[in-house]
Amino acid sequence: MTRGFGVDIGGSGIKGGLVDLEAGALDGERLRIATPQPSTPEAVADVVAEIVAKFEWTGPVGITLPCVVKHGVALTAANVSKHWVDTDARALFAKRLGKPVEDVVVLNDADAAGMAEMKFGAGVNRDGLVVLLTFGTGIGSALFLDGQLVPNTEFGHLEVDGHDAESKAAASVKEDKGLSWAEWAPRVSRYVGVLENLIWPDLVIAGGGVSKKADKWLPLLEVRTEVVAAALKNDAGIVGAAAAAAQGIKH
């Protein structure tokens with residue numbers, strides 16, 4: 001078995017674990033630690049180091065951030081401290097983990113989840129234009145053309161009816177407003193409809209925590225594109241990060 005290690009940083013939790021890179025699945029239990037508040041780069045790096053140390057992992061590490069990431073530098077900060085903006089995250093994590101910088105890969109969280117789904121999950125052998133949407137605290141997106149990632153799309157921030165899309169259709173909105181699946185699904189349909197008219201995807205993969213309850217809401221969507229649930233559910237970010245680190249992918 002070829003193993004890797006991934007850490008998925010979110011607004012509420014930081015999850016990490018060993019990954020079987022041949023099966024595209026976690027190798028054992030993952031460890032989840034609440035995201036520190038405020039979620040400054042230094043505080044988050046401490047948690048990442050704690051998770052990696054718990055597993056006594058010494059190889060390359062892949063780490064996701066809910067940020068646009070280019071050349072290891074975070075350029076935005078969604079649902080984490082604004083101090084991340086313009087932080088050289090790759091250098092920060094490498095220093096905190098005591099690793100050479102080439103042994104650390106940092107990428108956008110939705111891009112990591114999408115890479116995992118395309119390689120091991122719902123996107124296997126799917127050509128054309130495929131979009132992964134992660135519905136969580138916000139809405140993350142990953143875009144693939146014939147299996148190749150177009151990194152750092154921010155489709156969760158499309159303007160829909162005068163509002164930032166994720167402020168109306170994220171899973172957190174369902175939670176905060178106490179919406180039923182039947183009340184939330186039209187918001188998702190409206191959002192996906194706007195996205196469809198922009199890029200005309202061949203497949204939409206629905207990820208994030210709500211993918212575990214896909215049977216409750218996917219059948220309620222009124223969209224023209226085929227929408228399927230993410231196969232790796234909430235582990236996709238960890239798996240994708242570990243695979244990216246093993247391949248030495250840099251964005």
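In what order do the five strands of the open sheet come?

## The sheet

The order is β11-β10-β9-β14-β15, with mixed pairing. Strands here are DSSP runs of E with at least two residues, helices are runs of H or I with at least four, and both are numbered from the N terminus. Two strands pair if DSSP finds at least two bridges between them. At the edges sit β11 (148–150) and β15 (226–229), each pairing on one side only.

β14 (residues 203–207) runs parallel to β15, over four bridges. In this pair, Leu203 stands opposite Glu226 of β15.

## About the model

This is a predicted model: local features need pLDDT of at least 70, side-chain atom pairs count only at pLDDT 80 or more, and totals for chains, interfaces and linings use all residues. Residues are numbered from 1 along each chain as its sequence is written, and side-chain values use heavy atoms, leaving out hydrogens and water.

## Helices on the sheet

Strand β14 also meets a helix: α3 (residues 109–120) packs on the sheet and touches β9 (129–135), β10 (139–145), β11 and β14. Contact means heavy atoms within 4.5 Å. Then there's α6 (residues 181–199), which packs on the sheet too, touching β9 and β10.

The axes of α1 (residues 41–54) and α2 (residues 89–97) come within 9 Å and cross at roughly 50°. Axes are lines fitted to C-alpha atoms, for helices over the stretch in contact, with angles from 0 to 180 degrees between N-to-C directions. The contact involves Pro41, Ala45, Asp46, Val48, Ala49 and Val52 of α1, plus Leu92, Phe93, Arg96 and Leu97 of α2.
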